[in-house]
Amino acid sequence: MIMSLTRDVAMNIANVLTEALPYIQRFTGKTVVVKFGGNAMTDEALQNSFARDIVLMKLVGMNPVVVHGGGPQIGNLLEKLSIKSEFVDGMRVTDSETMDVVEMVLGATVNKQIVSLINRNGGQAIGVTGKDGKLIRAKKLNVNRNSPDMQAPEIIDIGHVGEVASINTAVIDMLTDSDFIPVIAPIGVGEDGASYNINADLVAGKIAEVLQAEKLMLLTNVAGLQDKNGEVLTGLSTKQVDDLITDGTIYGGMLPKIGCALDAVKGGVNSAHIIDGRVDHAVLLEIFTDAGVGTLITNK
């Protein structure tokens with residue numbers, strides 16, 4: 001039996017659609033790079049919510065590009081295989097054995113799960129790693145650590161951990177031009193053919209920058225960038241964010257994510273969003289509603 005809508009419910013739906021319309025019109029044909037991670041990757045309801053958001057974005061004419069992480073999944077498999085994990089400044093030391101696990105988890109298991117998730121919800125996704133078509137050219141990342149006992153910083157080799165040297169946009173253009181949704185695992189390839197594990201936020205930021213994307217969206221496990229009283233800040237300029245870093249409001253684990261968002265916006269991306277991936281349909285709420293569910297950073 002089909003139930004009819006009450007007038008209040010019908011009006012609420014109409015109001016939501018009316019609010020979304022100008023955003024849909026503004027962003028048709030635009031590229032949005034979304035980094036998928038945190039709770040949204042591990043909670044089944046949030047996984048499906050995310051997938052439907054991405055599919056709807058594609059259906060209304062936007063070009064979503066998904067970049068994903070997988071740190072917890074890598075850690076779980078390393079533990080099962082009795083391979084010890086070591087971290088330096090928050091980055092996993094990645095020897096050849098660990099890199100094999102990283103490629104297995106990111107390039108196969110997690111990547112294909114996300115592709116399947118999007119496809120089950122009505123989309124057409126194709127998964128790639130940064131090694132496919134030399135999509136992500138990487139260079140080795142060494143960590144410089146200062147010590148009061150040393151006259152020069154100590155350079156620490158953390159193995160197959162890299163940073164982005166360049167992005168081959170032809171691979172992404174080929175997929176988006178064919179109406180596919182790219183799902184990218186953050187594994188890069190070096191000049192010598194070696195594989196490198198790269199932070200997914202940094203990969204998403206660089207891809208957004210080289211594509212001159214309309215938006216970079218980073219899903220997190222927090223409500224957004226917060227002030228010293230715990231209130232979420234939004235509508236920030238890059239200068240305001242720089243000031244918040246200087247005065248210590250932004251510190252610790254949030255600094256790399258904010259730095260990635262800042263670099264992208266300063267590099268030509270129209271806006272970056274730090275959004276709460278624990279909220280159902282967080283991506284749509286941030287793009288298509290006036291209030292949003294996170295922190296917006298622009299150059300304006």
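These legends describe close-up views of a predicted model.

**View 1. The largest pocket and its centre.**
The largest pocket has a volume of about 1300 Å³. Its lining takes in 46 residues. Closest to the centre of this pocket are Gly90, Ile198, Asn199, Ala200 and Asp201. By class, 19 of the lining residues are nonpolar, 18 are polar and nine are charged.

**View 2. Elements around the largest pocket.**
Helices and strands both contribute to the lining of the largest pocket. The helices that each supply at least two residues are α2 (39-42), α4 (71-80), α7 (200-210) and α9 (254-266). The strands that do so are β4 (91-92), β6 (136-145), β7 (154-167) and β11 (215-220). Which element gives the most to this lining? It is α9, with seven residues.

**View 3. The second largest pocket.**
The second largest pocket holds about 350 Å³ of space. It is lined by 19 residues. Nearest its centre lie Arg26, Lys215, Ser271, His273 and Leu296. Two or more lining residues come from each of α1 (7-27), β13 (271-276), α10 (282-288) and β14 (294-298). The lining of the second largest pocket has five nonpolar, eight polar and six charged residues.

**View 4. The largest cavity.**
How many cavities of 30 Å³ or more does the model have? The count comes to one. About 60 Å³ of space lies in the largest cavity. Its lining consists of Ala40, Leu46, Ser49, Phe50, Asp53, Leu219, Gly277, Val279, His281, Ala282 and Val283. The elements α3 and α10 give two or more residues to this lining. Helix α3 gives the most, with four residues. Sorted by class, the cavity lining has seven nonpolar residues, three polar and one charged.

**View 5. Asp53 beside the largest cavity.**
Asp53 sits in helix α3 (residues 44-59) and is one of the residues that line the largest cavity. Is Asp53 buried or exposed? Asp53 is buried, yet has no salt bridge. The nearest side chain of opposite charge belongs to Arg52, 6.4 Å away. A polar atom of the Asp53 side chain does lie 3.4 Å from the backbone nitrogen of Leu284.

**View 6. Thr295 in strand β14.**
Thr295 lies in strand β14. What is the relative accessible area of Thr295? The value is 0%, so Thr295 counts as buried. The Thr295 side chain reaches the backbone nitrogen of Leu225 at 2.7 Å. Strand β14 also gives two or more residues to the lining of the second largest pocket.

**View 7. Lys134 in a loop.**
Lys134 is not a glycine, but has a positive phi of about 50 degrees. Where is Lys134? It is placed in the loop between β5 (125-129) and β6. Strand β6 supplies at least two residues of the lining of the largest pocket.

**View 8. Gln212 in a loop.**
Gln212 has a positive phi of about 50 degrees, although it is not a glycine. Its place is in the loop between α7 and β11. With a relative accessible area of 46%, Gln212 is partly exposed. Both α7 and β11 supply at least two residues each of the lining of the largest pocket.

Notes: Residues are numbered from 1 along each chain as its sequence is written. This is a predicted model: local features need pLDDT of at least 70, side-chain atom pairs count only at pLDDT 80 or more; totals for chains, interfaces and linings use all residues. Side-chain values use heavy atoms; hydrogens and water are left out. On a 1 Å grid over the protein atoms alone, a cavity is a set of points where a 1.4 Å probe fits but cannot get out, and a pocket is an open set with protein on both sides within 12 Å along at least five of seven lines; lining residues have an atom within 4 Å of a point. Grid points are joined across faces, edges and corners, and a volume is the space filled by probe spheres set on the points. Ala, Val, Leu, Ile, Met, Phe, Trp, Tyr, Cys and Pro count as nonpolar, Asp, Glu, Lys and Arg as charged, and the others, Gly among them, as polar. Buried means under 20% relative accessible area, exposed over 50%, partly exposed in between (1.4 Å probe, protein chains only). Lys and Arg count as positive and Asp and Glu as negative; His and the chain ends are not counted. A salt bridge is a side-chain nitrogen of Lys or Arg within 4 Å of a carboxyl oxygen of Asp or Glu. A polar contact is a pair of N or O atoms within 3.5 Å; within protein, one must be able to donate a hydrogen and the other to accept it, and residues adjacent in sequence count only if both atoms are side-chain atoms.
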